[in-house]
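Please keep the sequence and the 3D view open while reading.

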Amino acid sequence: MKKILVAIDLMNGEVVRLSQGEFSNKTVYSKTPLDVMKKFVSEGVEWFHIVNLDGTQAEPKIQPNNGTNNGTKTGTNNETDDDSRSANLTVIRQLIKYGKSVGVSIQIGGGVRNYTQVKKYLEIGVDRVVIGTLVFSDPTEFKKILSAYSTQVVVALDVLDGIVRVHGWTKSTETSIETAISDLLSLGVSNFLVTDIKKDGMLSGINTELYRKIQSLLDSSESKKSGNHIEIIASGGVNSLDSIKSALEVCGSVVVGRSLYEGTINQAQLGNIILAYNKSYLTKRIIPCLDVKNGKVVKGVNFLNLKDIGDPVEMAMYYNEKGADELVFLDITATVEGRKATLSKIREVAETVFIPFTVGGGVKTLADIQDIINAGAEKVAINSGAISNPEVLTQGAHKFGSQCIVLAVDVKQKGDTWEVYSQAGTQPTGLDAFRWIEKAISKGAGEILVTSIDRDGTKQGFDLQLLSELRARFKVPIIASGGAGQVEHFAEIFDIGIDAGLAASIFHEREIEIHTLKRLLKSRNVRVRI
Amino acid sequence: MIAIVNTGSGNLRSVQKALELFYPEIKIIDTPKSISSADGMVLPGVGSFGDAVDTLNEIDLFEEVKELGKSIPVLGICLGMQILFERSEESPDATGLGLLRGEVLKLHPLNDTNVPHTGWNRLIPQQKEQKIENLKYAYFNHSYYCHPEDENVIDYSVIHGGKYPAIIQKRNILATQFHPEKSRESGEQVLKYFVRSVRQ
């Protein structure tokens with residue numbers, strides 16, 4: 001996912017722009033920053049880059065790199081009573097509050113001098129904090145921040161002729177950008193905001209050569225090889241849609257500022273380019289799966305604090321609270337009485353839980369679908385029933401819309417292909433998975449829940465080969481199931497465009513908390529509902 | 001009394017239950033007589049445009065709903081939002097309620113996005129001051145979208161291959177393309193707002 005960050009530079013509570021970092025060279029764009037932000041939000045801007053320019057002017061002592069002055073940071077606390085500075089802080093709080101209320105993400109920088117400041121920003125809802133000078137002036141403090149908040153730290157590197165400068169660009173670090181990045185990567189930094197000083201605020205186009213150089217450095221780095229997510233944010237010089245495009249060809253992200261305020265890129269153009277790069281803001285779904293038998297959840301449940309560990313309503317409420325996006329109930333009851341018990345539980349769940357859920361298991365006829373929908377489920381999953389009678393998909397889709405009809409399919413790899421199994425994965429059908437899914441979609445299935453029998457229960461990760469081939473072939477939403485064992489496994493399927501990840505035991509046994517999973521996915525640039 | 005109009009296909013109970021949290025009397029209605037005393041009206045939504053309109057006609061509610069919809073607070077949900085418009089690509093022969101000007105179009109799988117649009121998406125405020133605030137994510141599940149003649153009625157949009165209306169407000173009419181009854185906090189805000197307008 002490519003990010004277009006809109007810069008809001010604040011000074012004395014106003015939106016301003018400095019040319020090449022000169023405080024004397026200031027243009028005021030707006031006296032009402034919140035309105036500016038609202039306008040960008042309405043165009044679909046998802047990320048903001050806020051700079052507290054009143055913070056950057058503070059002149060802390062440069063500390064020697066030997067760390068003799070650890071922990072005595074009182075002299076550099078820049079939250080003074082100064083009017084201009086407090087005007088800025090009020091505005092910043094306003095922007096953060098608004099941004100949080102509408103679900104956009106914010107990174108903030110400018111004069112960040114210590115751990116406490118970073119902590120405060122993150123506590124009030126900022127997603128990432130940008131740190132510049134401190135990285136060089138007080139490495140010990142910086143490391144403390146990094147070890148606490150690694151993925152939420154963005155290191156700002158301002159570059160002049162290949163050399164990193166600090167203190168509002170006034171002082172050279174005498175470190176080359178390549179050395180700086182290599183060193184910081186080995187410390188565990190994963191986000192870099194790289195600004196070409198010569199280009200900044202000049203509307204002269206971005207320095208693609210610089211970013212290309214950095215990118216090739218990254219490609220050969222150990223950190224990248226070990227699968228870490230590294231983000232380079234290009235900044236300085238964006239003057240047209242083309243320069244946004246060329247920045248995003250090389251980098252993951254780009255900051256756009258002056259060109260928006262000066263109108264070289266207008267709002268509608270911004271909206272269109274955001275759309276072109278982001279396509280959809282649909283979040284990836286995390287789905288716990290509950291196997292229900294005779295109205296009770298049956299397998300792999302290990303809740304520590306719940307006495308009645310197998311009640312579907314209680315478990316649904318629990319997951320509802322914990323951030324699950326959806327629930328899947330698989331009714332594995334064999335008897336009519338058992339099915340009734342499950343349906344009455346489904347009804348109860350529908351009345352208690354405010355998230356969508358899908359019910360499957362033993363669905364054979366339109367009447368089965370109707371029973372489940374009437375009980376309050378959002379969607380119905382059909383597996384073996386569709387294999388023996390594909391028309392049930394058509395009937396269901398006609399009556400309730402294809403978005404209600406989920407094809408559940410259990411597959412096993414067979415050479416280069418995958419074979420469909422029926423009867424809870426026990427009976428090979430001879431059907432080719434791709435051909436079957438294609439047919440099912442043409443019959444009316446609106447979503448695919450695909451379980452890899454090979455991976456199920458292994459916790460070794462989803463079947464990525466299967467899933468990426470499915471993704472390439474089909475446009476309907478795909479829910480991946482079978483093999484989830486860790487956060488990385490979810491990230492992998494989302495990276496290849498799968499819509500949802502389903503798992504049972506890792507959630508039931510609390511090996512992974514959904515909140516934690518989502519936070520980690522977000523830091524890996526996956527869109528999740530938090 | 002808030003009337004949930006039974007447009008034929010399923011899942012009215014969760015809408016009813018969700019509204020009951022904020023309002024004492026919520027009835028599922030399928031006859032003209034029982035709707036006349038309603039203080040507010042909900043058009044729920046699963047199914048197709050044509051089926052929903054046909055059902056309204058079959059149970060003799062089409063004209064009633066259209067008439068009441070000019071005065072009392074109305075909440076249209078998903079398909080219930082769509083039938084408030086004049087027509088739909090989904091069922092070209094069917095006539096919608098026409099309480100909102102415009103049409104309903106098919107979502108195309110543009111830009112590699114998938115159709116139906118299923119899942120949680122972020123609501124994007126379109127007005128400087130929102131009538132309903134603090135909405136973030138909502139649960140969508142649809143293959144068609146509303147295209148109002150007047151863009152100013154769009155309160156929130158959603159991005160999925162294009163930018164589409166998520167919440168529309170015009171006078172007494174509130175309509176959501178998503179399912180408030182499945183959208184946790186955001187859904188609660190919408191339902192509360194609707195109930196407040198019924199009480200006023």
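The sections below cover the basis of the model, its domains, its salt bridges and its aromatic contacts.

## Basis of the model

This is a predicted model, in which local features need pLDDT of at least 70 and side-chain atom pairs count only at pLDDT 80 or more, whereas totals for chains, interfaces and linings use all residues. Residues are numbered from 1 along each chain as its sequence is written, chains are lettered from A and ligands numbered from 1 in the order in which they are written, and side-chain values use heavy atoms, with hydrogens and water left out.

## Domains of chain A

Chain A is divided into domain 1 (3-277) and domain 2 (285-523), with bounds that come from an automatic or database domain assignment. The C-alpha centres of these two domains lie 42 Å apart.

## Salt bridges

Over all chains there are 38 salt bridges, each defined as a side-chain nitrogen of Lys or Arg within 4 Å of a carboxyl oxygen of Asp or Glu. One of them joins A:Lys213 and A:Glu178 at 3.6 Å, N to O, and links helix 8 (residues 208-219) of chain A with helix 7 (residues 177-187) of chain A across 35 residues; helices are DSSP runs of H or I with at least four residues, strands are E runs of at least two, and both are numbered from the N terminus. A:Lys213 has a relative accessible area of 42% and is partly exposed (buried means under 20%, exposed over 50%, partly exposed in between, with a 1.4 Å probe and protein chains only).

In chain B, the closest N and O atoms of B:Glu188 and B:Lys192 are 3.6 Å apart, and both residues lie in helix 6 (residues 184-199) of chain B, four residues apart, about one turn of the helix. Elsewhere, salt bridges that share partners join B:Glu86, B:Arg87, B:Arg101, B:Glu103 and B:Glu149 into one network.

## Aromatic contacts

The count over all chains comes to 12 aromatic pairs, taken as rings of Phe, Tyr and Trp (its six-membered ring) with centres within 6.5 Å, where planes under 30 degrees apart count as stacked, over 60 as edge-to-face and the rest as tilted. A:Phe329 and A:Phe357 form an edge-to-face pair, at 5.4 Å centre to centre and 75° between the planes. A:Phe329 is buried at 1% relative accessible area, and A:Phe357 is buried at 0%.

The rings of A:Trp418 and A:Phe434 form a tilted pair, with centres 6.0 Å apart and planes at 55°.
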